[in-house]
Amino acid sequence: MISFFQKYRRTDVIVDYRGKQFIIELKIWHGSEYHKRGEKQLFEYLDYYGVDAGYLLSFNFNKNKMTGIHEITQGGKRILEIYQKRSITDGKTK
């Protein structure tokens, strides 16, 4: 059986600031199903760390993907999703 720590050791970024933890998950866009799994994963991290809010930063290299900010809630927890489109050619935000 996999321990909880082994299962969740891949939390991308945890910022400890003035006694609070900020959980940040980083993803590269690989489609909506992959993205939904990332949301589920982040909600599980929020439960584990006992915090009410987290951040999902998605990088998308597709030309037609929208950028922006979206908020979702589930079971009293909140995720702020940030969609960022990046240009492969110059690395600058488009």
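This report covers the cavity and the salt bridges of a predicted model.

## The cavity

The structure holds 1 cavity of 30 Å³ or more. The largest cavity has a volume of about 30 Å³. Its lining consists of Lys27, Ile28, Trp29, His30, Tyr34, His35 and Ser58. Two elements, strand E2 (20-28) and helix H2 (32-49), each give two or more residues to that lining.

Sorted by class, the lining has 3 nonpolar residues, 3 polar residues and 1 charged residue. Lys27 is one of the lining residues. Lys27 also takes part in a salt bridge, described next.

Side chains of opposite charge can pair when their charged atoms come close. One of the bridges joins Lys27 and Glu25, with an N to O distance of 3.4 Å. Both partners are buried: Lys27 and Glu25.

Which residue meets Lys77 in a salt bridge at 4.0 Å? The partner is Asp47, and the distance runs from N to O. This pair links distant parts of the chain. Lys77 lies in strand E5 (residues 77-85), Asp47 lies in helix H2, and the two are 30 residues apart.

Is Lys77 buried or exposed? Lys77 has a relative accessible area of 13%, so it counts as buried, the cut-off being under 20%. Asp47 has a relative accessible area of 53%, so it counts as exposed, the cut-off being over 50%. The bridge between Lys77 and Asp47 thus has a buried Lys77 and an exposed Asp47.

The pair belongs to a wider set. Asp47, Asp52 and Lys77 are linked in a network of salt bridges. Helix H2, which holds Asp47, also gives two or more residues to the lining of the largest cavity.

Arg78 forms a salt bridge with Glu71. Their closest N and O atoms are 3.6 Å apart.

How exposed are the two partners? Arg78 has a relative accessible area of 31%. Glu71 has a relative accessible area of 45%.

Note on methods: Residues are numbered from 1 along each chain as its sequence is written. This is a predicted model: local features need pLDDT of at least 70, side-chain atom pairs count only at pLDDT 80 or more; totals for chains, interfaces and linings use all residues. Side-chain values use heavy atoms; hydrogens and water are left out. On a 1 Å grid over the protein atoms alone, a cavity is a set of points where a 1.4 Å probe fits but cannot get out, and a pocket is an open set with protein on both sides within 12 Å along at least five of seven lines; lining residues have an atom within 4 Å of a point. Grid points are joined across faces, edges and corners, and a volume is the space filled by probe spheres set on the points. Helices (H or I, at least four residues) and strands (E, at least two) are DSSP runs, numbered from the N terminus. Ala, Val, Leu, Ile, Met, Phe, Trp, Tyr, Cys and Pro count as nonpolar, Asp, Glu, Lys and Arg as charged, and the others, Gly among them, as polar. A salt bridge is a side-chain nitrogen of Lys or Arg within 4 Å of a carboxyl oxygen of Asp or Glu. Buried means under 20% relative accessible area, exposed over 50%, partly exposed in between (1.4 Å probe, protein chains only).
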